[in-house]
Amino acid sequence: MYHRFDAIVVGAGGAGLMAAMQLARTPGIRTAVISKLYPTRSHTGAAQGGIGAALGNLEEDYPEWHTFDTVKGGDYLVDQDAADIMCHEAVESVYELEHYGLPFSRTPEGKIDQRRFGGHTRNFGEAPVRRSCFAADRTGHMILQTLYQQCIKREVEFYSEFQLLDLIISEGVCCGLVVLNIKDGEIHIFHAKAILFATGGFGRAWKITSNALSNTGDGVAIAFRRGIPLEDMELYQFHPTGVYKLGILLTEGARGEGGILRNNDGERFTERYAPTLLDLAPRDMVSRFIYQEVKEGRGINGSDFVHLDLTHLGADVVENKLPDLADFVRVYLGVDPVRELIPIQPTAHYAMGGIPTDVDGRVLMDESNTVLPGFYAAGECACVSVHGANRLGTNSLVDIVVFGRRAGKHMAAYVQEAPFTELPRTPDDEARQQVSALLSRERGESAPEIRETLQEEMMDKVSVVRSEQTLQSARKTVHELQARFAQVAIQDRQTWYNSELLETLEVGYLLDLSESIIAGALARQESRGGHYREDYPERDDTNFLRHSFVYNTPDGLRIAHKPVNISKFEPKERKY
Ligand SMILES: Cc1cc2nc3c(=O)[nH]c(=O)nc-3n(C[C@H](O)[C@H](O)[C@H](O)COP(=O)(O)OP(=O)(O)OC[C@H]3O[C@@H](n4cnc5c(N)ncnc54)[C@H](O)[C@@H]3O)c2cc1C
């Protein structure tokens, strides 16, 4: 089936819906949103802690301080011009959400309430500041519900439970998509003047992750296969407080409200590593502190986890400010956070890298900033880069809202000028072949087995701590798994709701992305932010203060580099 729209957004999380809103507000533009999930099930809905903006409602605060924290938090690999835009526009974006009807938690005077979060400080690092705006611990849920309602009101057309298979680029212009209707297996072609990928992250490459099952990096992998380079893929964030063994996220808001991490001796070990910010040091650091405690035998009972202690906060704070967290630990662990300690370990959480874009969401085809006309990306699948080597808590919601908004505005202007580019004659050939090969192969390798091996390998060898040896070994395994994947077979031959087929495609995406992550991690012979190399434990600004671009070429992966924008703050050692 063929469809034609002026603009198409793939992904109905916060980034996609914010962009769709801007398009829908411009008269005469026909916009569609395609999503493999029902929109309100997108991972944005799982975001708990909050969205950072220097509103200064409870304490003095300025966007400039927010920019500084973002740059320092990102270990100086942040493009400072982009971070500056983000932190300034965060303020108006939060008010825009408020005006759309988002039910923020309030101060007694009725202002948007704000709380502390890791790495957010007053006056360039002096002391913690209250910057995170929140709706209890359901901030992402409220953002998603609010934006979805607004999009419905403005008659955005939704294609829910439609899974993207391929991107169509013709005559150097991005002009369409090949998409599978999950309900009946039919393949659809979407023709458009402009396309935005807002397809989210890929935490499912690791065994222990906070990410939903659907976070398999489809858009990033599909762009990569179509010749778009990926930026800074080696920079992946492990969040310190995942539920032990399950990876489910326990919001940093818990430490923002005063929660404390303790080792087997009951010691608040962050005092030794980050004397000023303590438990609210940035995530990359706290994850490494936990790794270190465990390595030196101070994990709980010598095991590989530590405790999050909320028992001193009192039932009132726990039940009212952290209700979802309290539910999670009661349901999944049988632990009462008001009286008992919670076992936690670092969990794969957030991709700093992704599809390279400029500050208007336009996708870049190379490290010299050449734009691919008609193609945009925003949100976790994109790399602007505002998070550098480590994202600060609350800054992803800021990113999706600010850059989703900017991309949507730019697209609205672009589609009013640009013509439709003709589609190639059979743009769906490759996608159809890919699907029919899977449906027709009688016997072969098992995708779930490949996925499990991949996730274990990435967890053991490409997580909080890496080295030449672990990375080489992981690379070898991924190559073997890719070869096995070429022979994968599935049992289910139905066309309708064939989740086995879709999950198999997703394993293919995770394999390609893992390969690019490992390539970037091998090339970055230093330690910076979320990327810690045991064999190169220091940050090396002389050789590695630069972005990496990984290209998918017929001869394998190729790495190139791009300078970092350093327009405001000179790199310094990161101390908290
Ligand atoms: C548990 C958890 C808690 C978090 N808490 C916070 C927080 O408090 N503050 C903060 O700033 N950040 C937080 N984050 C990070 C933040 O929520 C995410 O980075 C952000 O919401 C991503 O938004 P997005 O719009 O880019 O993508 P998502 O919300 O992940 O949406 C992706 C969309 O793409 C669609 N899609 C994907 N693949 C396909 C395909 N093949 N075909 C069609 N559609 C497709 C999906 O259907 C979905 O609609 C948290 C993340 C997690 C996992």
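**A walk through the sheet and the ligand site**

Visitor: Over how many bridges do β13 and β16 pair?

Guide: This is a predicted model, where local features need pLDDT of at least 70 and side-chain atom pairs count only at pLDDT 80 or more, while totals for chains, interfaces and linings use all residues. Residues are numbered from 1 along each chain as its sequence is written, and side-chain values use heavy atoms, leaving out hydrogens and water. Strands count as paired if DSSP finds at least two bridges between them. β13 and β16 run antiparallel to each other, and their bridges number six.

Visitor: Which residue of β16 is the bridge partner of F238?

Guide: Follow the β13 and β16 pairing, which is antiparallel. Across from F238, the partner in β16 is A348.

Visitor: Which strands stand at the edges of that sheet?

Guide: It's an open sheet of four strands, ordered β13-β16-β15-β14, with antiparallel pairing. Two of them have a single partner strand each, so one side of each is left without a neighbour in the sheet. Those edge strands are β13 (236–243) and β14 (260–262).

Visitor: How many helices and strands does the whole protein have?

Guide: Both kinds are DSSP runs numbered from the N terminus: H or I over at least four residues for helices, E over at least two for strands. The protein comes to 16 helices and 22 strands.

Visitor: Which element gives the largest share of the shell around the ligand?

Guide: Several elements supply at least two shell residues each: α1 (14–24), β9 (162–170), β16 (342–351) and α11 (395–417). The largest share is four residues, and they come from α11.

Visitor: Which residues come nearest to the ligand?

Guide: There are 37 residues around the ligand, counted when a heavy atom lies within 4 Å of it. Coming nearest are S42, H43, T44, E380 and S396.

Visitor: What radius of gyration does the protein have?

Guide: The C-alpha trace spans about 65 × 50 × 50 Å along its principal axes. The radius, taken over C-alpha atoms, is set against a globule rule of 2.2 Å times the number of residues to the power 0.38. With 576 residues, a compact globule would come near 25 Å, which agrees with the protein's 22 Å.
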